[in-house]
Amino acid sequence: MRSGFYKQTIAEHLALTDSWTQRAWIAVALAALATAPFVLDTYLLTLVTLMMITAVGGIGLNILTGWTGLISLGQTGFMVLGAYGYAIPVETWGWDPLAGFLLAGLVPAAASVLVGIPSLRLTGLYLAITTLASAFIVVHLVLEFPGLTNGASGIFVNRPTVLGWTVFTDQDLFRLVAIFLVLTILGALNLRRSRIGRAWFAIRDKDDAARVMGVDLRTYKLYAFVASSFVVGLSGALYGIFLSFVTVDGFPFLLSIEALAMLIVGGMGSIAGAVLGAVFLVGLPEVVSMVFSAFGDSARALLSTGAHEVKGVLYGLVIIGFLRLQPEGLMGLWRDAQRVWTLWPLRY
Amino acid sequence: MKSWKGAALLAAALAAPAMAADQGVTDTEILLGEVEPLTGPPGLLGIAHNLGVRLALAEANAAGGVGGRTLKLVAEDDGYVTSRTIQSLRKLIGVDKVFALTAVSGSGQAVASIPVLKQSGIPTMIPIGPLPPLYEPPMDNVFVVGQSYTEGMHQLALFLAEKHPGAKWGVITQDDDYGAALREGIEQAKGEAQIEVAFETRYARGQKDFSSEMLRVKDAGVEVLIAGGIISENIAMVKEAEKLGITPAIATFWPGRVPEVLKAIGPASDGIYAVDYVAPIQSDAGQAFLELARKHLTEDEVARVNRYTMTGYTSTRLLIAAMQTCAEDLTWACTNQALADGPAVDTGVMAPAAFAGGRFTNSPVTIMQADYETLSYAPVD
Amino acid sequence: MIQTQTQAAGGAAPPLLEIRNARIVYDHAVEAVREVSLSVPQGSVVALLGSNGAGKSTLLKALTGTLALEDGEVEKGAILLDGEDLGRTPTDRIVARGVSLVPEGRRLFANLTVEDNITMGGHLKGAADLARLRAQVYDLFPRLAERRRQIAGYLSGGEQQMVAVGRALMAEPRLLALDEPSLGLAPLIVDQIYATVARLNAEFGMTILLVEQNAMQAMEIADTVYIMENGRIVLDGPAEQMRGNLDVQEYYLGFSGGGERRSFRDVKHYKRRKRWLS
Amino acid sequence: MNYLIELLVSGLAVGAVYGLIAMSFAIIFKATGLLNFAQGEMGMITAYVAFSIASATDGNPWLTAAGAIVFSVLFALAVERIVIRPMVDEPILARIMTTIGLAVIFRSGTMLVWDALPHDMGLAAGSALVDLGGVRVRGAQIGVVVALAVAVAAMLAFFRYSRFGIAMRAVASDDATARLMGVKTARVQQAAWGAAAVMSGIAGALFAIAWELSPSLYALGLKSFPATILGGLDSVVGSAFGGVVIGITENLVGGYLSPGLKEVAGFVIIIAILMVRPYGLFGEKRIERL
């Protein structure tokens with residue numbers, strides 16, 4: 001009887017998917033993405049769009065935190081760079097949106113080299129600290145150069161025309177974001193099974209051992225940081241398009257924390273976990289609102305006397321609850337469920 | 001402003017299918033919606049505003065509602081986060097299917113919402129953060145109640161220039177669109193009066209310590225200080241001035257014109273100037289307003305009434321008046337038209353407000369001065 | 001010095017430390033020690049020998065109550081101090097009851113001074129005792145007195161081992177357990193350390209539990225020797241007798257005269273003892 | 001000249017606030033290896049409790065101080081016991097995220113219990129103006145500088161002479177071995193949380209008196225963080241120094257250079273410091289020789 005789900009050959013490791021069931025799930029997910037624009041109302045469509053944008057950012061952070069074991073608190077900063085990296089060339093200079101998307105990745109990637117070179121030689125929390133600092137400095141720089149960034153007034157962003165396809169309706173935007181999400185997932189999966197990806201895992205699990213195996217820690221950490229920032233930058237650009245307006249106010253520092261919370265809730269180190277985490281955290285305020293309005297007028301009356309803060313408390317409790325009770329996150333829950341399903345009524 | 005073209009196009013393309021004009025209206029009810037920061041420090045503004053809207057609705061419902069239908073409100077909290085504003089808007093329009101919007105959060109949030117508002121065509125009141133992009137060029141369905149920060153600052157600056165001729169000015173503003181609007185107002189005033197700015201600076205939003213700024217104010221010998229903060233920042237600046245022993249004429253702006261600020265500053269708040277387009281609570285009109293509030297709100301809620309309650313109340317009264325005009329044909333088109341053309345509504349707490357064919361009430365402002373004794377503001381003569 | 005309470009005469013007294021049929025597992029799954037029994041009588045020197053990974057350190061962790069930190073657990077059997085099961089007694093209580101460990105690799109507080117390191121050893125002692133005990137440790141290791149203000153991390157290996165032993169003595173242990181005290185030290189230093197240990201036993205009657213890979217040295221001062229392999233005790237007996245044992249000679253003491261070290265299992269005269277009889 | 005002195009004095013006062021909170025970060029980090037991202041929030045809550053006590057006692061400064069300190073310790077011990085300690089075996093990221101979760105709860109909770117309005121603390125002695133040879137300061141500003149000095153002296157003495165202080169350093173260096181010496185690491189961690197709560201609570205309350213009390217007070221935690229890095233994450237006394245340096249730098253930058261740069265000055269400093277001295281000015285470089 002099999003006791004767990006192990007990969008036994010290199011070929012299995014290199015394969016993009018594990019099994020037919022997994023392929024079936026992917027097919028279902030793709031089908032769902034394709035039909036969603038026809039089925040969902042604008043509100044749900046927007047909600048799912050936002051979840052997908054957040055998931056792109058989450059996958060980006062997952063490359064750094066989940067795979068390489070480095071903590072970043074600079075998500076906000078790189079998203080801002082990505083958003084402006086897109087908005088300035090496309091809206092101010094009139095460049096093609098494709099070039100904008102490329103810059104939205106390249107600008108944060110370049111910035112991550114600047115931040116990464118001095119800070120990646122240090123272990124532990126130091127990257128968290130320098131990225132935290134860089135997030136604040138980026139916001140400051142945006143405000144300091146109004147000639148380029150329009151300062152605090154921000155830049156309006158139109159929905160783009162990509163390769164002749166004009167993204168116009170909410171349905172179009174949904175499709176655009178879905179394409180980016182699928183591309184990001186594919187890209188990330190491919191990175192994971194490459195030499196670089198294996199080196200990242202080695203660094204995360206035992207950096208001394210990785211060093212002995214010939215992995216140059218600083219270089220590979222830098223690769224992870226650059227790759228992560230590129231993807232996070234893309235999510236920033238998508239977020240800017242979603243908001244139709246790019247300002248530093250649109251990217252509060254809280255996003256950095258939410259991004260980490262997302263990985264934890266979803267399950268560290270797994271792409272599906274990052275996606276699930278995004279779905280969960282973006283959906284949470286909506287669900288709480290629904291619960292509140294289910295209580296009808298009495299709850300609505302409470303709104304004016306500050307009970308809205310209950311939501312904030314709830315949000316914190318969910319994060320702590322997951323950390324305490326389900327450290328593997330939603331993916332862990334899913335795997336447990338799977339195991340029970342396969343093995344029941346046996347325990348092992 | 002080239003980006004506007006696209007947005008306009010978008011609106012044109014989508015206006016047609018969005019004409020399910022009487023959504024939110026049943027035989028017995030009319031559902032209204034708003035997005036507000038109800039949590040976090042900005043909740044000070046959002047909650048007070050929400051009370052004003054509910055006051056107007058309660059008053060209208062007590063008088064029989066609109067065409068016999070009861071008015072109900074769905075308030076969404078965005079916590080002052082722009083993405084959630086947009087999210088909430090789509091929910092209100094798409095899921096709750098409200099008939100009209102009574103507010104779209106703060107100024108930055110409202111500006112970012114323009115494409116969504118234009119796309120849907122829903123009648124929308126903007127009683128908070130009246131920035132010019134919201135009414136220039138005017139949109140069919142977006143109605144801005146109040147006065148722009150720029151014009152308010154312009155009037156305040158002209159007043160101070162006349163009152164303190166030849167004085168040295170200091171200007172401290174926030175590094176965002178609000179601060180930019182204030183700076184523009186001063187620029188405008190400079191063209192009409194003699195203003196000499198001896199010290200000017202911007203601070204980062206959320207800054208708490210203003211000691212170096214105020215030292216520079218002192219060093220520059222500033223006699224007229226524009227404290228362009230919102231709430232905490234103004235408190236910090238005035239207390240710092242008190243500490244340094246300088247007594248310039250200090251002018252603040254309406255977002256922070258709440259009695260709590262005076263209380264938090266202490267006696268040094270006596271005599272600071274403020275500008276606003278709604279009446280102080282202690283005025284006769286203000287007291288009458290409180291009386292009305294006591295009738296429809298709980299005691300707890302009355303304690304949270306401030307100037308935002310008045311603006312929220314006035315703008316909702318305008319909306320209700322328009323809806324009453326259209327009671328027989330409660331559609332967006334009719335309501336938008338009625339709002340634009342309707343007669344002025346006089347709530348007592350603001351100058352009679354009307355859009356007169358436009359999309360902006362352009363309400364006149366009053367200069368007032370704080371009295372610490374009574375924790376109140378009174379118009380200057 | 002370092003006062004050792006003597007048991008009341010009569011012989012019926014239980015050994016100071018007794019391990020009975022202990023089975024220790026990590027993570028509820030990995031068995032590190034199985035069915036080990038061992039006895040350390042009052043005033044004796046007991047050596048526990050075995051190669052890397054035999055389970056010796058695990059046993060010491062169980063003795064000092066630090067097993068739980070690594071998700072380990074004494075699943076079966078008991079560890080008895082003065083005939084009393086230690087069970088889940090927290091480490092500080094065990095220290096208070098007279099067990100001190102000199103951990104493997106010394107584990108000094110590298111950023112603290114020598115004196116602070118030594119003071120830490122007497123953490124559970126009163127202020128008056130502390131001064132007296134420190135004086136006694138410096139008496140035993142005059143070198144440390146000279147270096148008391150130095151940062152421990154910068155001492156030589158031998159000096160660090162002295163600090164580690166001195167630190168353990170500060171708790172006035174009845175049972176001093178040393179985990180690989182000779183590891184990575186020059187032979188001359190090892191001799192000194194062993195001389196000190198022998199002296200502690202001879203002069204002060206301190207009971208010693210010596211865990212070593214370096215069998216030769218340990219057997220010289222030990223009264224009783226246990227040999228552990230793969231989590232089991234495979235051989236035990238009085239030291240003189242063990243020194244004469246051909247297997248031990250061949251395997252540990254290097255008398256076999258050729259080839260690489262072999263596992264004890266492969267040794268010709270290997271005898272499996274039925275430990276449950278003891 | 002007077003301008004410079006005044007800049008330095010106000011820089012010192014605000015720097016002392018940063019310093020006290022930075023010391024709180026450092027002492028918890030030292031004893032438990034954990035960065036408590038809810039430290040600023042805990043200081044804010046203590047300030048609010050002090051406000052409530054002051055309102056109830058007509059601004060009696062002694063009762064307020066005593067009550068706030070007792071509260072801060074009990075609160076910290078409860079948080080440590082209920083939320084932090086059960087996570088002791090989890091990876092460091094999970095533990096840090098727990099404190100972030102706590103911070104979110106505390107922020108909302110503060111507004112739930114009190115309100116979103118700014119308040120005056122109502123302690124006359126604290127907001128009274130004192131003339132120090134031409135430079136006017138508020139009582140609470142003197143108070144916070146004195147508090148920092150006392151805290152530094154107490155910490156120096158504690159770590160050098162107190163056996164418990166030495167034990168705390170030992171736990172920081174190698175907690176498993178410290179346990180072998182009979183140290184109860186749980187108690188050391190409690191002590192660290194308690195001390196941190198008192199220091200950040202004093203900072204929060206005095207800041208609230210001299211400046212203002214509002215639910216955005218928690219941001220002081222974020223502002224103090226660079227100070228901890230500057231001084232060295234594990235250096236409690238160094239963090240105090242870091243706080244003063246950052247407070248004064250901010251004021252000098254604001255006073256002579258661009259005021260806009262003032263708010264990020266601290267973060268620019270930490271990036272610079274990390275490049276040159278990754279362990280901070282006073283942090284203990286790990287000794288890796290055996």
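Residues are numbered from 1 along each chain as its sequence is written, and chains are lettered from A, with ligands numbered from 1, in the order in which they are written. Because the model is predicted, local features need pLDDT of at least 70 and side-chain atom pairs count only at pLDDT 80 or more, while totals for chains, interfaces and linings use all residues; side-chain values use heavy atoms, without hydrogens and water.

The chain pairs come first. Chain D and chain A are in contact (heavy atoms within 4.5 Å), with 39 residues of chain D meeting 37 residues of chain A. Between them chain D and chain A bury about 3,200 Å², and 83% of this lies on carbon and sulfur atoms. Buried area here is the accessible area, with a 1.4 Å probe, that two parts lose on being put together, summed over both. The count of salt bridges between chain D and chain A is zero, a salt bridge being a side-chain nitrogen of Lys or Arg within 4 Å of a carboxyl oxygen of Asp or Glu. Two other pairs do not touch: the nearest C-alpha atoms of chain A and chain C are 13 Å apart, and those of chain B and chain C are 38 Å apart.

Chain B is assigned domain 1 (2-147 + 285-364) and domain 2 (149-276), the bounds coming from an automatic or database domain assignment. Ten residues from domain 1 of chain B and eleven residues from domain 2 of chain B make the contact. The C-alpha centres of these two domains of chain B lie 31 Å apart. Domain 1 and domain 2 of chain B bury about 1,000 Å² between them, with 58% on carbon and sulfur atoms. On the domain 1 side of chain B, the residues that lose the most area to domain 2 are B:L131, B:Q147 and B:R307, which together give 48% of what that side buries. One salt bridge is counted between domain 1 and domain 2 of chain B. B:R307 also forms a salt bridge with B:D276, where the closest N and O atoms are 2.5 Å apart.

Helix α4 of chain B covers residues 107-120; helices (H or I, at least four residues) and strands (E, at least two) are DSSP runs, numbered from the N terminus. The expected span of a helix is 1.5 Å times one less than its number of residues. Of the 14 residues of α4(B), 14 are buried, so the helix is largely enclosed by the rest of the structure. Buried means under 20% relative accessible area, exposed over 50%, and partly exposed in between (1.4 Å probe, protein chains only). Just after α4(B), B:G121 has a positive phi of about 80 degrees.

Over all chains, the whole structure has 40 salt bridges. One of them joins B:R54 and B:E301, with the closest N and O atoms 2.8 Å apart. B:R54 is in helix α2 (residues 43-62) of chain B and B:E301 in helix α11 (residues 299-302) of chain B, so the pair ties together parts 247 residues apart in sequence. B:E301 is buried, at 4% relative accessible area. Another salt bridge pairs B:E76 with B:K91, the closest N and O atoms again being 2.8 Å apart. This pair links strand β2 (residues 70-77) of chain B, which holds B:E76, to helix α3 (residues 82-94) of chain B, which holds B:K91, 15 residues apart. Both ends are buried: B:E76 has 7% relative accessibility, and B:K91 has 8%.

In chain C, C:E31 and C:R34 form a salt bridge with an N to O distance of 3.5 Å. C:E31, C:R34, C:R23 and C:E75 are joined into one network by salt bridges that share partners. C:E31 is partly exposed at 30% relative accessible area, and C:R34 is partly exposed at 27%.
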